[in-house]
Structures are given as C-alpha cells and as structure tokens.
Amino acid sequence: MIDRSIRGKVAVAGIGESIYYKHGQSPDPEFVLALQAILKAAADAGIDPKEIDGFASYSNDRNDPSRIAAALGLPDLRFSNMHWGGGGGGVAAAVANGAAAIAAGYADCVVVFRALAQGQFRRFGEAMPDPTVSGDAAYMSPYGVMSPAQKYAMRATRFMHDYGVKNDVLRAIAMTSYQHAQNNPRAIRYGRPLDASTYDESRWIVEPVNRLYDCCQENDGAAALILVSAERARDLKQTPVYLIGAAQGSDHRCGAPVMNASRFASSSFTTVAPRLYRSAGVTPADIDVVQSYENFTTGVMMAVVEHGFCAPEEANEFFTLPNLSTSGGKMPLNTSGGNLAECYMHGLGLQLEAVRQIRGQSCNQVPDAKLAMNIAGPMVTPVSSVIMGSAEVL
Amino acid sequence: MSENNYYLPADMPSPVPSPDGLDAPYWEGTRRTELLVQKCGACGNWQWGPEWLCHHCQSFDLAWQEVEGKGVIYSWERPWHPVHPALNGRGAYTVVLVELPGAGNVRMIGNLLGPDDQVVEIGAAVEAVFEAHDDADVPYTLVQWQLTG
C-alpha cells in the first residue's frame with residue numbers, strides 16, 4: 001500500500017437518486033432531476049443540504065455547481081471539480097476527486113453527482129448529421145464508425161479473438177444484470193426479465209459483439225452521493241462506507257488517434273487496476289462484490305479480466321450466470337441491474353449500489369459484504385475505479 | 001442520390017483537413033492515389049493518426065512518407081443499426097481496422113469492399129483501394145480495403 005492512499009480517510013455518508021425514466025419520459029427538466037437526487041442524498045445522510053460545500057462530476061455534466069449552489073442557497077462553495085473526458089470512465093474518478101478534496105481540506109462535504117436527460121438533449125447512441133468532419137472523426141465517420149458501440153466493438157472483437165472468448169460470456173453478463181433488476185423496484189427493467197433465447201434472437205447493433213441486450217440503455221435521471229471525512233461520517237445517520245482505494249488514467253498512448261493505442265485490445269485498465277490495488281492494500285480475492293460499468297457487455301468482460309478476477313483464457317468458464325449472481329456466485333456482479341437494466345445513470349447508479357452493499361441495504365444483498373469494487377466506463381480514456389469498504393476492513 | 005460506386009451512401013459525412021493544417025498532406029495524397037503516413041525525420045518512428053510531435057523522441061520533424069497500400073486485418077466489425085440518417089436503408093456494412101506492416105504496424109480504418117455478408121478473418125491480407133468522391137462540394141478520396149488476390 002502506498003503512503004499517500006485515500007484509504008479510510010473519507011466516507012460516503014449519503015446516496016440519492018431521482019426516479020429513473022426511459023429517455024424522453026422525465027416530466028422534470030434535467031436540472032430539477034439533479035436537485036432531487038442531491039436533496040435525497042442529503043436526507044439519506046441526515047445532513048442539512050446547506051452543509052454541502054463542494055461538487056464533483058464528469059463527462060461535462062451540464063448542471064453547473066455554481067447554479068446548483070445558488071439554487072440550494074449554499075453559504076460557501078469551496079470546491080467545484082469536473083473530470084476531463086472519457087464519458088462514463090470518469091465516474092469513479094469523480095468520487096476519488098471529491099474524496100481528495102476532503103482529504104486535502106479544500107472542502108468538508110462534497111456531492112458527487114450526474115444528471116442526464118438524454119430525451120431532452122442529444123442521445124449518446126446517435127451520430128450528429130454533420131456534413132463535414134475533421135480530425136479523428138475524418139478517419140472514422142465517412143466509413144460509418146460514429147457511435148460508441150461502433151468505436152468500441154473493434155477493441156472487443158480483437159480481444160475475444162486473441163483469447164478465444166465466446167459470445168456466451170456476453171450473454172451471461174447481460175442476463176446477470178436483468179436477473180438482479182427483477183428484485184430492484186427502481187430498475188427500468190423491473191418486471192421485464194431476459195431469457196437466453198430472447199438474448200440470442202435480439203438484433204445485432206454491431207456484429208460480432210454487440211447485440212441489442214449487450215448495449216446500455218439511454219435514460220433520464222440523476223444520482224448523487226455525499227462524501228465527508230471519516231470522522232464526520234461516524235457521527236451521521238448511515239453506516240459509513242469508506243473509500244479504500246482509487247485510481248484513474250490509462251496506459252501507453254491509449255488515446256492515440258484512429259485506434260492506434262499501443263494496447264488496443266483492452267478495456268484501458270492494465271496500469272490503472274494494479275495502482276488501484278496498491279492504493280487499497282487488497283487483492284482481487286478480497287473483493288466481495290463487483291459493480292462494473294456496462295457501456296457494453298464486452299467492456300465488463302475485459303475490465304473484470306484486467307482487474308484480475310480471472311485470466312482472459314478462463315473467461316468462458318468464469319462468466320456464467322450462476323457465477324455472477326448474488327445467489328451463490330463466486331463474483332456477484334452488477335447487483336442493482338446496472339446500466340443495462342436498472343438505469344443508465346452514466347455509472348453513478350453502480351457507485352450507489354456499492355454503497356448499499358457495504359451498508360447491507362441492497363435488494364440483492366451479498367451476505368456480509370465488506371469490500372466492493374466499482375469499475376467505471378471501460379475502453380474509454382481515462383478510465384477509473386474505486387474500492388469501497390466497511391469499518392471492519394480498515 | 002447520384003450514380004456512383006461508393007461503398008456507403010454519398011451523403012455520409014465528408015472528411016475535410018483539420019483547420020490547423022495538420023493532416024492536409026494526407027488528404028492531398030489520397031487525391032493522387034498515394035497513401036501517406038507520418039514518419040519521424042529524427043528517429044524514423046512511424047506514426048498514425050496525424051500528430052504534431054513524434055511520440056517516440058519528441059521531435060517536431062515529422063515527414064509524410066508514401067507507403068505501399070498493403071495491410072493485414074487487425075480487427076473488424078459489421079454495424080447493423082444505422083446511427084446516421086444517410087445509413088437508413090443501407091443495411092449492414094463492414095469496417096476493418098488494418099495494420100500496415102510496411103509502416104511500423106500503424107493502423108487505419110476503412111470499409112472492406114465486397115459482399116455485405118462476407119466472412120471476415122483477422123489476419124487476412126488486404127490492399128488499399130482509392131474511392132474518389134469527385135462530386136463532393138470539396139472533392140476527397142477515401143482509402144478503402146479489399147482482400148488481396
């Protein structure tokens with residue numbers, strides 16, 4: 001473990017989310033959804049919302065902290081942080097950035113939030129119909145490579161070729177999220193189970209790796225999480241959930257233009273995951289439950305491999321529905337239903353679920369969960385991960 | 001839509017050189033049916049996509065070198081779901097990521113010409129085909145790929 005680790009210094013004190021909607025179905029504007037989530041997180045923590053003095057988010061969230069602070073009537077905005085780039089790759093980094101601000105004394109009560117109403121703004125899965133393109137896009141869009149599904153299938157196809165990973169792995173990951181969502185009333189896919197034949201018969205989005213059910217939803221909603229110092233958290237309403245370790249970034253030339261990353265067939269975690277474990281002082285064998293961001297099921301598979309839970313050659317045996325399920329699986333995965341079946345809250349919903357697991361409040365509770373892995377936005381750059389844990393692991 | 005031999009519909013986005021001039025030599029080269037890749041004048045490192053600085057030795061002395069249009073399929077995909085209005089009704093199309101062994105194994109993206117349902121093998125040899133869009137507002141040429149022999 002490194003000397004300057006965040007381990008045990010900061011805790012999640014509160015979590016909250018808006019109602020989750022299919023895209024275009026939120027009756028409220030995106031900004032209102034953000035406020036609802038933040039106020040719910042404050043209530044969950046048992047703090048006066050006016051105690052909030054910092055904000056951290058990612059992916060160019062449209063809801064400016066200064067506007068939120070004015071709306072909430074905050075007396076003193078002390079920290080305002082946006083994590084660069086990477087789409088959903090920044091969600092764990094936003095938690096880590098907020099925690100770092102508390103550890104450094106910049107702020108005392110930081111909200112990590114994401115609000116996203118894809119029905120009110122452009123959808124991620126659609127291309128802009130620009131007549132001309134330049135830069136990186138000039139080498140991709142004219143050939144029909146525009147959406148995230150199209151950009152990242154290329155990585156996964158090569159990875160699965162290199163290691164002989166079968167599409168059954170992707171089906172198991174999708175079915176796991178749907179199975180867990182059936183116990184989660186918040187989930188958009190609650191009451192809509194997915195069976196193997198429905199998956200197998202679903203249309204290709206991008207052959208040979210992305211069927212419809214391999215791709216995340218597009219939703220409207222907001223989520224928020226409140227960070228305070230470990231000392232403060234122990235005086236609050238909820239069981240503190242501590243930050244145990246955090247890391248972000250990507251490996252050599254991951255962002256090289258036109259798919260020229262040195263290690264292209266990757267989820268971008270090959271250097272990040274080892275740093276994460278060093279910061280936390282734990283190993284994959286210590287982790288009780290894994291929340292791994294599903295932009296696509298391929299990303300989940302590669303990220304779980306690159307976090308050391310199984311070797312790539314073992315993927316076909318490791319990724320099975322029984323093994324990923326909370327009912328007796330070796331590595332319970334995406335226990336809320338995640339981006340595929342709970343809500344595509346750009347991954348922040350998965351962070352909230354990790355908090356519930358450590359508190360013992362999940363609707364798919366892993367018995368006695370003490371350490372939760374949260375993996376953000378695989379295949380983009382920069383990516384990030386955090387490990388959360390209970391007081392027992394400190 | 002005009003009569004043409006384009007692999008994808010004519011009203012797909014058109015590439016234009018970046019406003020800072022970085023990759024103008026590449027697009028000018030394709031108009032002459034020449035495939036140009038950056039090569040560092042200081043250390044000889046091949047580099048793609050276009051960049052201002054050699055990532056190996058940090059020299060700004062990047063030259064444009066013509067390379068043979070011969071490559072190997074490194075990865076591939078076949079998008080079915082149209083995400084751009086021009087693709088509505090086109091049906092599935094094949095995209096390949098091609099490694100160029102003659103240029104330090106840099107990778108380029110293009111369509112694999114041929115039947116839309118052809119079997120694609122990683123490792124298969126391909127050669128460049130220049131697809132000229134002379135009727136575009138700003139004429140340009142795409143580099144496409146087809147199986148060798």
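Two strands are taken as paired if DSSP finds at least two bridges between them, and helices (H or I, at least four residues) and strands (E, at least two) are DSSP runs numbered from the N terminus. The views below show a predicted model, in which local features need pLDDT of at least 70, side-chain atom pairs count only at pLDDT 80 or more, and totals for chains, interfaces and linings use all residues. Residues are numbered from 1 along each chain as its sequence is written, while chains are lettered from A and ligands numbered from 1 in the order in which they are written.

**View 1. Strand β5 of chain A and its two pairing partners.** Strand β3 (residues 54-58) of chain A pairs with β5(A) in the parallel sense over 3 bridges. Within that pairing, F55(A) has V111(A) as its bridge partner in β5(A). Strand β9 (residues 219-229) of chain A runs antiparallel to β5(A) and is joined to it by 9 bridges. There, V111(A) has I226(A) of β9(A) as its bridge partner.

**View 2. Burial on both faces of strand β5 of chain A.** A residue is counted as buried if 20 or more other C-beta atoms lie within 10 Å of its own, exposed if 12 or fewer, and partly exposed in between, with C-beta atoms placed from the backbone. Because 9 of the 9 residues of β5(A) (residues 109-117) are buried, the strand is largely enclosed by the rest of the structure. In a regular strand the side chains alternate between the two faces of the sheet. C109(A), V111(A), F113(A), A115(A) and A117(A) point one way from β5(A), whereas V110(A), V112(A), R114(A) and L116(A) point the other way, and all are buried.

**View 3. The contact between chains A and B.** In all, 37 residues of chain A are in contact with 38 residues of chain B, where contact requires C-beta atoms, placed from the backbone, to lie within 7 Å. On the side of chain A that touches chain B, two or more residues are given by each of β6 (132-133), α4 (148-163) and β7 (204-207) of chain A. The largest share of this side, 6 residues, is that of α4(A). The residues on this side of chain A comprise 19 nonpolar, 11 polar and 7 charged; Ala, Val, Leu, Ile, Met, Phe, Trp, Tyr, Cys and Pro count as nonpolar, Asp, Glu, Lys and Arg as charged, and the others, Gly among them, as polar. Strand β7(A) runs antiparallel to strand β5 (residues 70-79) of chain B, and 2 bridges join them. V206(A) has P79(B) as its bridge partner in β5(B).

**View 4. Helix α4 of chain A.** The 16 residues of α4(A) reach 23 Å from the first C-alpha to the last, close to the 22 Å expected at 1.5 Å a residue, the expected span being 1.5 Å times one less than the number of residues. The helix bends by about 25° at M154(A); the bend at a residue is the angle between axes fitted to the seven residues ending there and the seven starting there. Of the 16 residues of α4(A), 12 are buried, and the helix is mostly covered. Among the buried residues of α4(A) are Y152(A), M154(A), R155(A), R158(A) and F159(A). Their cover includes β7, β8 (210-211) and α9 (297-306) of chain A, together with β5 and β6 (95-100) of chain B. G164(A), which follows α4(A), has a positive phi near 65°.

**View 5. Helix α13 of chain A.** Helix α13 (residues 348-359) of chain A has 12 residues and reaches 17 Å from its first C-alpha to its last, close to the 16 Å expected at 1.5 Å a residue. Since 10 of its 12 residues are buried, α13(A) is largely enclosed by the rest of the structure. The buried residues of α13(A) include L348(A), Q351(A), E353(A), V355(A) and I358(A). Just after α13(A), G360(A) takes a positive phi of about 85°.

**View 6. The three-stranded sheet of chain B.** An open sheet of 3 strands has the order β3-β2-β4 in chain B, with antiparallel pairing. Its edge strands are β3 (46-47) and β4 (62-67) of chain B, each of which pairs on one side only. Strand β2 (residues 35-40) of chain B and β4(B) run antiparallel and are joined by 6 bridges. Q38(B) has W64(B) of β4(B) as its bridge partner.

Notes:
Contact = placed C-beta atoms within 7 Å.
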